[in-house]
Amino acid sequence: MGAGASSSAQLAEIERLKKENAHLKRQTQIHKDQVVNLMKQISSIPNKRTFLQKDAKARKRLAVSAEVLEQFEHDNEVVSSFVAPNHEKSFESTLLINDAISNNILFRAQPKQIIDSCIGAFEREPTVKKGHILITKGEELNNAMKFYVVESGSLDVFVKDEVVATLGPGDGVGELALMYNQPRQAPVIASEETKLWSLSREVYQEIKIVLRVQRTKRIQQYLSTVDLLKILKPRDLQILANSMEEMEFQDGACIIRQGAVGDVFYIVEEGTVKISVEKEGESTLVEVCKKGQYFGERALLSEDKRAATCIADG
């Protein structure tokens with residue numbers, strides 16, 4: 001009887017394991033189907049920028065095209081060895097340039113690393129005298145390549161021979177030259193002796209592209225560690241990496257609240273995140289995420305309620 005009972009128990013355990021294995025296979029297939037469907041949704045988005053933020057009102061950003069990424073994808077030497085130019089400037093000048101570009105549409109949605117590198121790349125222009133024509137309407141394309149920030153003095157902007165704006169310290173002019181290969185639209189003349197900082201289109205584009213590629217490669221490496229995404233090809237991971245948006249949280253800010261509906265997946269780029277679970281009125285710290293680690297990955301598959309609270313910690 002003992003041997004028979006043991007044999008029956010083993011058969012029952014084998015049957016249970018078979019059922020559990022079949023259930024896990026079904027769940028795995030469901031997850032794979034969900035990820036594939038997610039990729040199809042991404043492919044239908046023209047600029048592929050809203051993958052990880054389903055909110056239709058998510059802030060826009062300037063994306064690097066897939067063609068540019070492919071161009072640098074195999075040129076690891078250029079990407080890894082790139083050092084942005086950094087011209088010496090005082091703390092006050094750095095703040096002035098930062099304030100000038102912080103609300104500019106070309107810089108507002110850029111990652112912090114790109115903004116900081118662009119600030120460093122601004123170089124001092126020779127002091128211009130009163131009456132100097134800084135920008136000429138219809139200026140040749142080869143000369144219309146700089147964005148200027150006024151450090152001291154003032155500039156007058158003309159339309160049909162009338163002054164329509166006067167720019168002073170902290171104001172910028174000519175930013176479209178960083179993006180478009182188009183002639184200048186309005187003349188700008190110094191109304192007094194003026195000191196300026198400038199950023200050229202060539203330097204701006206190089207910083208933006210190379211640092212974006214570096215960032216995409218770094219995030220792609222992070223994404224390759226996410227179990228739910230291991231079925232994706234490197235090219236798919238690259239698209240997802242380029243779709244991620246940078247968000248900053250102050251120390252102590254609540255990133256995810258347990259019980260809230262989740263629709264965003266996060267990877268820690270700087271600092272740490274404390275993850276805790278609340279049960280029966282008590283909060284227990286279960287994990288601390290550091291650079292390169294992720295949380296909230298279930299939001300990639302569904303909008304289930306969050307299972308833990310995540311707080312920014314330094």
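**From a loop to a pocket**

Mentor: Let's start at D161, which sits in the loop between β4 (155-159) and β5 (162-167); helices (H or I, at least four residues) and strands (E, at least two) are DSSP runs numbered from the N terminus. The model is predicted, so local features need pLDDT of at least 70 and side-chain atom pairs 80 or more, while totals for chains, interfaces and linings use all residues. Residues are numbered from 1 along each chain as its sequence is written, and side-chain values use heavy atoms, leaving out hydrogens and water.

Look at the backbone of D161: its phi is near 65 degrees, a positive value in a residue other than glycine. Most residues other than glycine have a negative phi. D161 is exposed, with a relative accessible area of 75%; here buried means under 20%, exposed over 50% and partly exposed in between, with a 1.4 Å probe and protein chains only. E280 also has a positive phi, about 55 degrees, although E280 is not a glycine. You will find E280 in the loop between β11 and β12, exposed at a relative accessible area of 77%.

The volume of the second largest pocket is about 530 Å³. A pocket is an open set of points on a 1 Å grid where a 1.4 Å probe fits, with protein on both sides within 12 Å along at least five of seven lines, and lining residues have an atom within 4 Å of a point. Points are joined across faces, edges and corners, and the volume is the space filled by probe spheres set on them.

In all, 24 residues line the second largest pocket, and F295, G296, E297, R298 and A307 are the closest to its centre. β12 provides the largest share of the lining, three residues.

F295 and Y266 form a stacked aromatic pair, 5.2 Å centre to centre with 15 degrees between the planes. Rings of Phe, Tyr and Trp (its six-membered ring) pair if their centres lie within 6.5 Å; planes under 30 degrees apart count as stacked, over 60 as edge-to-face and the rest as tilted. Y266 belongs to strand β10 (residues 266-267) and F295 to strand β13, so the pair ties together parts that are 29 residues apart in sequence. Y266 is buried with a relative accessible area of 13%, and F295 is buried as well, at 5%. The structure holds six aromatic pairs, and F107, F122, F147 and Y204 form one aromatic cluster.

Now follow β11 to its partner. β11 and β14 run antiparallel and are joined by five bridges; two strands pair if DSSP finds at least two bridges between them. One place to look is S276, whose bridge partner in β14 is T309. β14 (residues 309-313) also pairs with strand β9 (residues 254-256), in the antiparallel sense over two bridges. There, C254 has I311 of β14 as its bridge partner.

Within the residue range of β14 comes C310, which is buried with a relative accessible area of 4%. The closest cysteine sulfur to that of C310 is in C289, 7.1 Å away, too far for a bond. A search of the whole structure finds zero disulfides, a disulfide being a pair of cysteine sulfur atoms within 2.5 Å.

For contrast, turn to another sheet. Four strands make an open sheet in the order β1-β8-β3-β6, with antiparallel pairing. β1 (123-124) and β6 (172-173) stand at the edges with a single partner strand each, so one side of each is left without a neighbour in the sheet. Strand β3 (residues 146-152) and β6 are joined by two bridges, and V149 has G172 as its bridge partner in β6.
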